[in-house]
Amino acid sequence: MKELLTFLNDSYTAYHATENARTLLLKNGFTELSESEAWKLKTGRKYFVTRNGSSIIAFTLGKGNGFKIVASHTDSPALKLKEQPEMKGVFTRLNVETYGGGLWYSFFDRPLKLAGRTVTEENGALTGNLYTSDYTVVIPSLAIHMNRTANEGFAPNEQTDLLPLFSLGEKELGINAVAKDIYAVPCDAPFECGANGEFICAPRVDNLTSVFSSLRALCSEKTNGVCIAACLDNEEIGSRTRQGAGSDFLKRTLERIAICQNIGGEDFLRLTADSFLISLDNAHSVHPNRPEKCDPTNRAVMGGGVAIKAHANGAYTTDGMTAAIVRTLFDRAGVKHQNFYNRSDMRSGSTLGAISLGQLGIPSVDLGIAQLAMHSAAETFAKVDYEELEKGLKAFYASEIRFGEKRATVIV
């Protein structure tokens with residue numbers, strides 16, 4: 001659990017999460033590849049490749065039928081600085097725009113780091129570099145005396161209310177770069193809470209708990225076949241980028257793995273037909289103060305195990321067969337699980353699974369741990385659910401799933 005908390009704390013942006021994932025993989029014997037260089041892969045070895053510095057795909061190369069894929073996302077809602085962000089006067093504030101659908105009122109009155117990527121010119125080459133400020137900024141609330149109706153409902157204006165306070169007097173940001181992707185992000189340290197310390201509250205629980213669990217499971221010594229952890233950027237804004245789930249990154253990686261194994265044409269199509277994808281993104285737990293916001297009969301709860309997410313209109317990829325496969329796998333491995341549906345009269349969130357399937361067409365299921373305060377600056381989950389998730393992913397990577405006409409066989 002300590003390693004997870006460190007990952008949550010230090011992975012301020014998708015760039016940081018990808019670099020921290022890279023460090024974890026290198027420590028566990030993975031070899032780094034480049035998309036722009038030829039690949040020479042060997043059975044029994046472990047590899048990874050990055051794109052844009054914000055997405056990473058890692059895989060173990062064993063013998064077996066099909067690919068076993070866990071796909072998650074590296075990004076979280078944040079406030080992105082515009083170019084020339086300084087708004088100078090008695091105070092200097094930073095001009096930002098929202099990234100993703102954050103619970104923006106939770107960003108007020110708490111420390112925010114400036115973090116992301118700078119692009120600098122060095123010896124005629126443009127180089128991307130991680131950036132983290134050594135100071136914090138804050139978005140101050142308007143006092144209740146000046147906004148008497150604040151407790152009756154407050155909808156922050158994105159252009160006027162969400163501007164971080166940078167300095168007293170006029171001051172330049174002082175980042176020397178050709179260009180930059182810098183965000184104001186929550187930087188509160190993760191903390192335990194509850195009478196028995198059973199909960200964790202931290203920024204970026206959605207979806208770095210999924211990223212970290214998939215990587216930890218992939219680093220297990222008991223993987224079987226070709227096992228893949230795809231940690232992709234930009235899910236919070238629709239995944240329609242060259243490093244998101246809607247890009248060719250995962251598809252091209254699978255094709256290159258197959259090419260290095262002398263598998264092509266119809267053989268590759270058969271390989272993908274025998275594959276399975278877990279779209280891993282968190283679910284909403286029943287809120288202790290507002291239980292009526294959840295489905296009457298399929299409500300996920302913290303402590304209830306891994307949530308299997310389903311939606312009739314395709315927001316999630318789960319169907320009867322893929323749900324049955326995961327339930328069978330988890331039951332045999334002793335992994336606690338539960339069901340999640342949204343209320344029928346509430347709009348469902350979506351995730352990267354359905355977008356990935358537009359590229360691949362692989363049988364898929366949506367999973368995640370149940371959490372509170374999704375998209376808040378600090379989100380909450382139960383430790384035991386994370387432990388069940390990691391256990392379940394290890395069982396998935398160690399299993400064999402065989403597909404036939406109208407049937408599937410799960411071997412654990």
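A residue is called buried when its relative accessible area is under 20%, exposed when that area is over 50%, and partly exposed in between, with a 1.4 Å probe and protein chains only. The structure is a predicted model, in which local features need pLDDT of at least 70 and side-chain atom pairs count only at pLDDT 80 or more, while totals for chains, interfaces and linings use all residues. Residues are numbered from 1 along each chain as its sequence is written, and side-chain values use heavy atoms, with hydrogens and water left out.

**Exercise 1. Find how many residues of strand β18 are buried, and then work out which strands pair with β18.**

Step 1. Strands are DSSP runs of E with at least two residues, helices are runs of H or I with at least four residues, and both are numbered from the N terminus. Strand β18 covers residues 364–368, and because five of its five residues are buried, the strand is largely enclosed by the rest of the structure.

Step 2. In a regular strand the side chains alternate between the two faces of the sheet. In β18, Ser 364, Asp 366 and Gly 368 point one way, whereas Val 365 and Leu 367 point the other way.

Step 3. Two strands pair if DSSP finds at least two bridges between them. Strand β14 (residues 276–280) runs parallel to β18 and is joined to it by four bridges, with Leu 280 standing opposite Leu 367. Strand β16 (residues 306–309) pairs with β18 in the antiparallel sense over three bridges, and here Lys 309 has Asp 366 as its bridge partner.

**Exercise 2. Describe the open sheet of six strands, and say which helix packs on the sheet.**

Step 1. The strand order is β8-β7-β10-β5-β6-β9, and the pairing is antiparallel. The edge strands, each pairing on one side only, are β8 (125–137) and β9, and from one strand to the next the twist averages 30°.

Step 2. Helix α2 (residues 14–27) packs on this sheet and touches β7 (112–122), β8 and β10 (179–186), where contact means heavy atoms within 4.5 Å. The direction of α2 makes about 110° with that of β8; axes are lines fitted to C-alpha atoms, for helices over the stretch in contact, and angles run from 0 to 180 degrees between N-to-C directions.

Step 3. Inside the sheet, β5 (residues 78–87) and β6 (residues 91–99) are paired over six bridges, and Glu 86 has Leu 94 in β6 as its bridge partner.

**Exercise 3. Trace the network of salt bridges that includes Glu 35 and Arg 51.**

Step 1. A salt bridge is a side-chain nitrogen of Lys or Arg within 4 Å of a carboxyl oxygen of Asp or Glu. Searching the whole structure gives 19 salt bridges.

Step 2. Arg 51 and Glu 35 meet at 2.7 Å, N to O. Arg 51 lies in strand β2 (residues 46–51) and Glu 35 in the loop between β1 (31–33) and β2, 16 residues apart. With a relative accessible area of 8%, Arg 51 is buried, whereas Glu 35, at 28%, is partly exposed.

Step 3. Arg 252 forms a salt bridge with Asp 248, and their closest N and O atoms are 3.5 Å apart. Arg 252 is partly exposed at 37%.

Step 4. The network links Glu 35, Arg 51, Asp 248, Arg 252 and Glu 255.
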